[in-house]
Amino acid sequence: MSNVDPLAPPLFADVAGDIDVSFEFFPPKSEKMEETLWESVQTLSPLGPRFVSVTYGAGGTTRERTHNTVARIARETAIPAAAHLTCVEATREEIDQVAQEYWAAGVRHIVALRGDSPRAGEKYRTHPGGYENAADLVAGLRKLHPFEISVAAYPECHPDSEHAQADLDNLKRKIDAGANRAITQFFFEPDTFFRFRDDAIKAGIDAEIVPGIMPVMNYASVVRMSAMCGTAVPAWMETLFEGLDEHPAARQLVAATLTAELCRKLYAGGVRQFHFYTLNRAELSYAICHLLGVRPRAAAGLVAA
């Protein structure tokens, strides 16, 4: 017997739209990708996001493109722009200089990260004269300007952490150093987030913890990314994406359905903030936000002509 109530209202019928959303982009590598990115920003900006963030490549490889993209969002839209900043391959002075340039460009929000080793497979090492880790970076940024600061959290434990408690201790150090909120690595089951949120509260972490949501566009690439960051991919996901490699439109519909269901369950568990890893594609995130009751706000964040 199924335990699904056939007479229950639709899954999204009672979602009030009382949520805050934010979106993450990566800096474009070509003119075509830049067009796609700006189309995505224009599509999502009417939803009135709290902020949009732009990532930063390993070893500072995208530093200039990241800066240009963030500065353009700050300059040409009404959306608060957040810049990712890492400790990788740079001295404190160099990182402080980048942060000063962001402040001068009107950027008031930094996503402060330790970052990963620029050489795949190598253990992370602190750059000589650099910030030791994300907590150290947060403390350094706090000395420069009153930035809003977000940091990363890992519901399934960072691959470099010895164990979950050490990982939570590290998160607490980042919050205690002055971070305003933590945004989680992506995950695929609501219990993963709820367990982590409970553990964080027990560890004395009282800052906002925002779930990072990754709509699955390509199953194989998600498996690859998940392996790199220690995220478990449930067996049922492979079954649901099987046979869709040659059907991109159908794959997108399945992805939207699964991700919206995850968000709906998180909402039922009290979550009211969501951060979407857009991969510079707007439609999936827009559809999921729509199902969660988020509607365009009059003239909110529209890109200037």
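Visitor: Which residues form one aromatic cluster?

Guide: In this predicted model, the aromatic cluster is formed by Phe23, Phe274 and Phe276. The count of aromatic pairs comes to 7.

Visitor: Why is the pair of Tyr219 and Phe241 called stacked?

Guide: The ring centres of Tyr219 and Phe241 are 6.2 Å apart, and rings pair if their centres lie within 6.5 Å. The planes stand at 20 degrees, and planes under 30 degrees apart count as stacked. The pair of Tyr219 and Phe241 is therefore stacked.

Visitor: How do you know that the charged end of Arg108 sits over the ring of Trp103?

Guide: The charged end of Arg108 is 3.7 Å from the centre of the Trp103 ring, and the distance has to be within 6 Å. Arg72 likewise lies over the face of Trp38, at 3.8 Å from the ring centre.

Visitor: What makes Arg272 and Asp18 a salt bridge?

Guide: The closest N and O atoms of Arg272 and Asp18 are 3.4 Å apart, and the cut-off is within 4 Å. The contact is accordingly counted as a salt bridge. Arg272 lies in the loop between helix 9 (248-268) and strand 9 (273-277), and Asp18 in the segment before strand 1 (20-25), so the pair ties together parts that are 254 residues apart in sequence.

Visitor: Why is Asp18 called partly exposed?

Guide: Asp18 has a relative accessibility of 41%. Buried means under 20% and exposed over 50%, so Asp18 counts as partly exposed. Arg272, at 27%, is partly exposed by the same rule.

Visitor: What separates Glu261 and Lys265, which meet in a salt bridge?

Guide: Glu261 and Lys265 are 4 residues apart in helix 9, which means a separation of about one helical turn. Their salt bridge has an N to O distance of 3.6 Å. Glu261 is partly exposed at 31%, and Lys265 is partly exposed at 42%.

Note on methods:
Residues numbered from 1 in each chain as written. Predicted model: local features only at pLDDT ≥ 70, side-chain atom pairs only at ≥ 80, totals over all residues. Heavy atoms only, no water. Phe/Tyr/Trp six-rings, centres within 6.5 Å; stacked < 30°, edge-to-face > 60°. Lys NZ or Arg CZ within 6 Å of the ring centre and 35° of its normal. Salt bridge = Lys/Arg side-chain N within 4 Å of Asp/Glu carboxyl O. Helix = DSSP H or I, 4+ residues; strand = E, 2+ residues; numbered from the N terminus. Buried < 20%, exposed > 50% of the residue type's maximum accessible area, 1.4 Å probe, protein only.
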